[in-house]
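Trainee: I'm new to this one. Can you walk me through it?

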Amino acid sequence: MPDKPSGVEGFPMRSWKISLVLLNENDGSEMPATIFEKATYKLHPTFGDRDRLTRTALKVIKKPPFKISEEGWGEFDMRIIVSAIDKGGDHELSHDLNFQQERYEAEHKITFKNPKPNLLEKLKESGPVGAGGEENGVKPKRGDESAKKRKRSEKGVDMEKLAESLQRLGEEDLLQVVEMVHNNKTADTYTKNDVEQGEFHVDLYTLPDSLVRMLWDYCVEKLGT
């Protein structure tokens with residue numbers, strides 16, 4: 001931008017843009033980044049208060065390709081926070097904004113732990129997901145099961161009956177169960193998402209008491225038992 005001075009000698013004003021896309025793992029083609037609901041760009045403080053609420057140099061874009069267009073004279077390390085759909089969490093990317101080339105690309109890898117159904121389906125569109133299954137928590141040893149069974153029976157929950165009831169639920173109700181487990185599990189909860197087989201495994205004895213009761217009540221509501 002030769003006609004627009006930067007005010008800093010030796011550093012011409014430049015116009016730059018950034019967009020976010022996904023790469024198809026199968027053929028390397030670009031795909032819309034629909035697994036994200038928003039992208040938050042943390043700009044250099046010299047860009048001023050772009051966000052009226054936080055009064056910081058932030059810019060939030062809520063639609064793919066999450067394109068940002070700015071003008072400036074300096075290079076800096078930019079942080080970009082991408083927020084995944086379906087409560088998939090916030091993920092921070094570090095981007096080196098520089099003017100050494102007119103156009104350049106940077107690849108970043110993001111790992112999702114136990115993605116929920118909607119996010120998982122979107123991830124599948126860009127290539128294989130979770131080969132071998134994603135696990136959470138530590139699978140308990142067999143010696144621990146008897147003590148846990150006694151603990152559950154003391155609280156008035158028949159775990160074997162709960163397991164049987166869960167297997168009788170319809171597909172839509174099971175999706176709701178998976179959602180409940182994801183939203184209420186703890187670090188000790190053992191789950192395994194077997195994408196290739198289309199199966200979701202959970203050890204009921206590793207669930208927190210509140211979640212066990214929640215699942216029990218849900219089964220009673222749906223099945224009447």
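Trainee: What should I know about the model before we start?
Mentor: This is a predicted model: local features need pLDDT of at least 70, side-chain atom pairs count only at pLDDT 80 or more, and totals for chains, interfaces and linings use all residues. Residues are numbered from 1 along each chain as its sequence is written, and side-chain values use heavy atoms, with hydrogens and water left out.

Trainee: How many helices and strands does the chain have?
Mentor: Five helices and 11 strands. Both are DSSP runs numbered from the N terminus: helices are H or I with at least four residues, strands are E with at least two.

Trainee: And how much of the chain is buried?
Mentor: Buried residues make up 37% of the 225 residues. Buried means under 20% relative accessible area, exposed means over 50%, and partly exposed is in between, using a 1.4 Å probe and protein chains only.

Trainee: What about contacts between residues at least 6 apart in sequence?
Mentor: Of those contacts, 61% join residues at least 24 apart. Contact means heavy atoms within 4.5 Å.

Trainee: Next, the cores. Which residues touch the most other members in the largest nonpolar core?
Mentor: Trp 16, Phe 36, Tyr 41, Leu 43, Phe 66 and Met 78, out of 30 residues in that core. A nonpolar core is a set of buried Ala, Val, Leu, Ile, Met, Phe, Trp, Tyr and Cys residues joined through side-chain atoms within 4.5 Å.

Trainee: Which elements give two or more residues to this core?
Mentor: β1 (14–18), β4 (36–42), β7 (76–84), β8 (90–97) and α1 (117–124). β7 gives the most, with five residues.

Trainee: What else is there by way of cores?
Mentor: There is a second, separate core of 17 residues. Met 180, Leu 204, Val 212 and Cys 219 are among them. In soluble globular proteins, nonpolar side chains tend to be buried together.

Trainee: On to the helices. How do α3 and α5 pack?
Mentor: Helix α3 (residues 159–168) and helix α5 (residues 209–223) pack at an angle of about 50°, with axes 10 Å apart. Axes are lines fitted to C-alpha atoms, for helices over the stretch in contact, and angles run from 0 to 180 degrees between N-to-C directions. The pair is therefore oblique. Under 35 degrees counts as roughly parallel, over 145 as roughly antiparallel, 65 to 115 as roughly perpendicular, and the rest as oblique.

Trainee: Which residues of α3 and α5 meet?
Mentor: From α3, Met 159, Lys 161, Leu 162, Ser 165, Leu 166 and Arg 168. They meet Val 212, Leu 215, Trp 216, Cys 219 and Leu 223 in α5.

Trainee: And how do α4 and α5 pack?
Mentor: Helix α4 (residues 171–184) and α5 pack at about 165°, with their axes 11 Å apart. They are therefore roughly antiparallel to each other.

Trainee: Which residues make that contact?
Mentor: α4 brings Asp 173, Gln 176, Val 177, Met 180, Val 181 and Asn 184. α5 brings Leu 211, Met 214, Leu 215, Tyr 218 and Lys 222.

Trainee: Switching to loops. What joins Pro 64 and Pro 65?
Mentor: A cis peptide bond, with omega about 10°. Pro 65 sits in the loop between β5 (58–61) and β6 (68–72).

Trainee: Where is Phe 66, and what is its phi?
Mentor: Phe 66 lies in the loop between β5 and β6. Its phi is positive, about 55°, although Phe 66 is not a glycine. Most residues other than glycine have a negative phi, and most peptide bonds are trans.

Trainee: Is Phe 66 buried or exposed?
Mentor: Phe 66 is buried, at 0% relative accessibility.

Trainee: What about Lys 87, buried or exposed?
Mentor: Lys 87 is exposed, with a relative accessible area of 67%. Lys 87 is in the loop between β7 and β8, and its phi is positive too, near 60°.

Trainee: Last one. Where is Ala 33, and what does it touch?
Mentor: Ala 33 is in the loop between β3 (30–32) and β4. Leaving out residues up to four places away in sequence, Ala 33 touches Leu 20, Val 21, Leu 22, Pro 64 and Phe 66. Ala 33 counts as buried, at 1% relative accessibility.
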